[in-house]
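Trainee: I would like a close look at one part of this model, the place where the two chains touch, and then at what lies behind it. Please take it step by step.

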Amino acid sequence: MNRVHRFVGEWLPALVVLVAGIALWEGVVRGFDIQNFLLPAPSDIVGTLWTDRGQLWSAAFFTFREALGGFVVGCSLGFVAAIVLARWRVLQTAFMPYAIAAGAIPIIAFAPITNNWFGVTGMTSKIVIVAVLCFFPVMVNTTRGLTSVPASAIELMRSYAATEVTIFRRVRLPNSLPFLFSGLKVATVLAMIGAIVGDYFGGAPGALGVEIRRWVGIFAFDQAWAGIVLASVLGILFYGSVALVERLTMGWHPSIRGGRPE
Amino acid sequence: MNTRDAVVSLRNVTKSFGAGGVTALQSIDLDVAPGEFISLIGPSGCGKSTLLRIVGNLVEPTSGEVVVNGKSARQARLDRDYGIVFQDAVLYDWRTVAKNISLPLELAGWDGARRKARVQEMLELVELHGFGEHHPWQLSGGMQQRVSIARALSFSPALLLMDEPFGALDEMTRERLNAELLRIWERSGSTIVFVTHSISEATFLSTRVVVMSPRPGRIAALVDIDLPQPRNADTREEPRFFELVTEVRDRLREGGLDEESTAPGEGELIVAEETP
């Protein structure tokens with residue numbers, strides 16, 4: 001009973017805001033008779049999500065595969081690069097400034113270039129741009145996690161005659177997990193952005209970004225909005241599933257167990 | 001004392017950081033006999049933590065000879081001849097209390113059943129029975145430090161190195177853990193080298209206090225603590241205890257600096273290492 005109570009207390013306010021927001025949107029569109037091309041009513045968008053579900057889902061699934069492919073490639077390379085950088089400090093001093101700077105530049109601006117290099121209509125160009133987007137946050141975060149181990153934690157392992165490999169496996173790697181997951185969560189968001197915006201610069205017919213642009217071009221705003229809503233839902237699900245894996249693998253972490261008791 | 005019988009034997013040990021840089025330790029000679037409880041006391045910058053790390057082969061001396069358990073410090077480390085406890089408990093958050101204690105046993109290749117039995121034994125020794133499945137951050141600072149001590153003793157090393165283990169704890173907890181440490185020391189029969197900046201702690205715990213002075217770090221005096229064993233809360237109220245505290249304080253003054261200038265919790269080693 002207490003758990004139900006706490007659950008309601010934590011989630012009810014957010015739920016109220018969601019329902020009120022949608023109701024306000026619906027009311028404003030109907031009350032002021034706003035034109036469909038400016039802003040369709042939520043009910044119209046939901047209707048379109050249902051009637052055009054076949055086309056919408058196949059478009060969304062296509063683009064999600066681009067995002068997922070790039071995410072897997074970019075995050076894997078980022079993780080491997082972090083291990084290399086954490087192992088050889090000189091590489092870290094040489095490359096880290098650029099990796100951090102990469103977080104401040106709009107990599108997505110390179111999408112037309114990758115289209116040019118790897119083909120406009122194929123998946124490869126989108127996978128590449130998504131991979132580049134995902135690479136940096138994962139690499140920077142993981143490197144920090146692998147290297148931000150207290151000196152005494154390493155000294156303790158050395159006092160047990162542990163080898164570098166053992167120290168890596170038993171201390172550095174677990175220490176880096178919270179950092180790795182925060183990088184992965186950022187990467188899920190960037191992956192969806194990268195795939196859809198990559199499509200905007202030209203992509204395979206039937207990709208979600210391509211379709212959204214086409215719908216806007218032919219004044220099919222209900223469809224365009226439905227596509228955007230679907231992309232958002234997929235983005236949230238993507239993020240949520242990584243967050244779930246984080247919870248399952250890091251049950252020990254204070255932030256997940258509800259903080260340090262004081 | 002014969003060097004071969006000593007658990008720790010230091011001959012003319014010198015440590016300087018950087019090329020022609022700060023001399024952290026100069027010409028240290030010291031023998032620690034089996035079963036001794038020896039404290040290194042001195043103000044910040046006297047190199048007492050560095051000296052402890054040299055014994056543990058975590059820091060290489062610039063010159064001099066270090067013999068631990070009759071072999072080189074490096075060989076002693078590789079043979080896991082000592083356990084170490086830091087000021088910070090250094091418990092791994094991703095491991096339960098029991099798994100933290102069994103870490104050195106895992107590294108030494110003990111099988112599961114043997115590890116489990118030893119962990120139970122250790123939890124009882126430090127009076128944390130029933131906390132094995134807790135995570136470190138669920139425990140108070142004093143309890144965490146007890147886990148750290150249990151871990152250091154789990155593989156029954158002949159030597160226990162302690163670097164200001166109770167420095168971050170409040171006075172009440174510290175005095176309770178002091179008494180507990182003496183009980184553990186008596187039961188385990190191990191030799192302890194203990195770094196502290198507290199005069200009363202050093203006097204209460206030790207069989208011998210090594211008074212160090214700074215810049216460069218060297219041994220200023222050795223004070224034998226002839227208080228009877230076993231010691232308890234009453235020991236702290238005996239006139240002889242106060243005499244010895246006064247003597248250690250006087251030796252510290254003669255060494256250059258008195259206790260007021262010994263700032264607690266300063267990482268001398270880290271500061272020294274950052275000096276180019």
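**The contact and the chain B sheet behind it**

Mentor: In this predicted model, the contact draws 19 residues from chain B and 19 residues from chain A. On the side of chain B that touches chain A, three elements of chain B supply at least two residues each: helix H2 (73–78), strand S6 (82–85) and helix H3 (97–107). By residue class, that side of chain B consists of 12 nonpolar, 3 polar and 4 charged residues.

Strand S6 of chain B also belongs to a sheet. This is an open sheet of 6 strands in chain B with mixed pairing, and its order is S6-S7-S8-S3-S9-S10. S6 and strand S10 (218–224) of chain B are the edge strands; each has a single partner strand, so one side of each has no neighbour in the sheet. On average, and with direction ignored, neighbouring strands of this sheet are turned by 15° against each other.

Within the sheet, strand S7 (residues 159–163) of chain B pairs with strand S8 (residues 191–196) of chain B in the parallel sense, over 5 bridges. Asp163(B) has Val195(B) in S8(B) as its bridge partner.

The loop between H8 and helix H9 (268–274) of chain B holds Gly255(B). Gly255(B) counts as buried because 20 other C-beta atoms lie within 10 Å, and the cut-off for a buried residue is 20 or more. Setting aside neighbours within four places in sequence, the contacts of Gly255(B) are Gly42(B), Val211(B), Met212(B), Ser213(B) and Ala220(B).

Val193(B) leads on to the nonpolar packing. The largest nonpolar core has 75 residues, and those that touch the most other members are Val8(B), Ile41(B), Val55(B), Val68(B), Leu161(B) and Val193(B). Helix H5 (residues 141–153) of chain B contributes the most to this core, with 6 residues. Val68(B) can be followed in detail: beyond its neighbours within four places in sequence, Val68(B) is in contact with Val8(B), Val55(B), Ala73(B), Ala76(B), Asp81(B), Tyr82(B) and Leu159(B). Another core lies apart from the largest one; it has 54 residues, including Met123(A), Leu184(A), Met192(A) and Phe238(A).

Chain A has 10 helices and 0 strands. Its C-alpha trace spans about 75 × 60 × 30 Å along the principal axes. Of the 262 residues in chain A, 35% are buried. Among contacts in chain A with a separation of 6 or more, 76% join residues 24 or more positions apart. Chain A is divided into domain 1 (1–33) and domain 2 (42–249), and the C-alpha centres of these domains of chain A lie 30 Å apart.

To return to the request: the side of chain B at the contact includes residues from H2, S6 and H3 of chain B, and S6 of chain B is an edge strand of the sheet.

Terms used:
Residues are numbered from 1 along each chain as its sequence is written. Chains are lettered from A and ligands numbered from 1 in the order in which they are written. This is a predicted model: local features need pLDDT of at least 70, side-chain atom pairs count only at pLDDT 80 or more; totals for chains, interfaces and linings use all residues. Two residues are in contact if their C-beta atoms, placed from the backbone, lie within 7 Å. Helices (H or I, at least four residues) and strands (E, at least two) are DSSP runs, numbered from the N terminus. Ala, Val, Leu, Ile, Met, Phe, Trp, Tyr, Cys and Pro count as nonpolar, Asp, Glu, Lys and Arg as charged, and the others, Gly among them, as polar. Two strands pair if DSSP finds at least two bridges between them. Axes are lines fitted to C-alpha atoms, for helices over the stretch in contact, and angles run from 0 to 180 degrees between N-to-C directions. A nonpolar core is a set of buried Ala, Val, Leu, Ile, Met, Phe, Trp, Tyr and Cys residues joined through C-beta atoms within 7 Å. A residue is buried if 20 or more other C-beta atoms lie within 10 Å of its own, exposed if 12 or fewer, and partly exposed in between; C-beta atoms are placed from the backbone. Domain bounds come from an automatic or database domain assignment.
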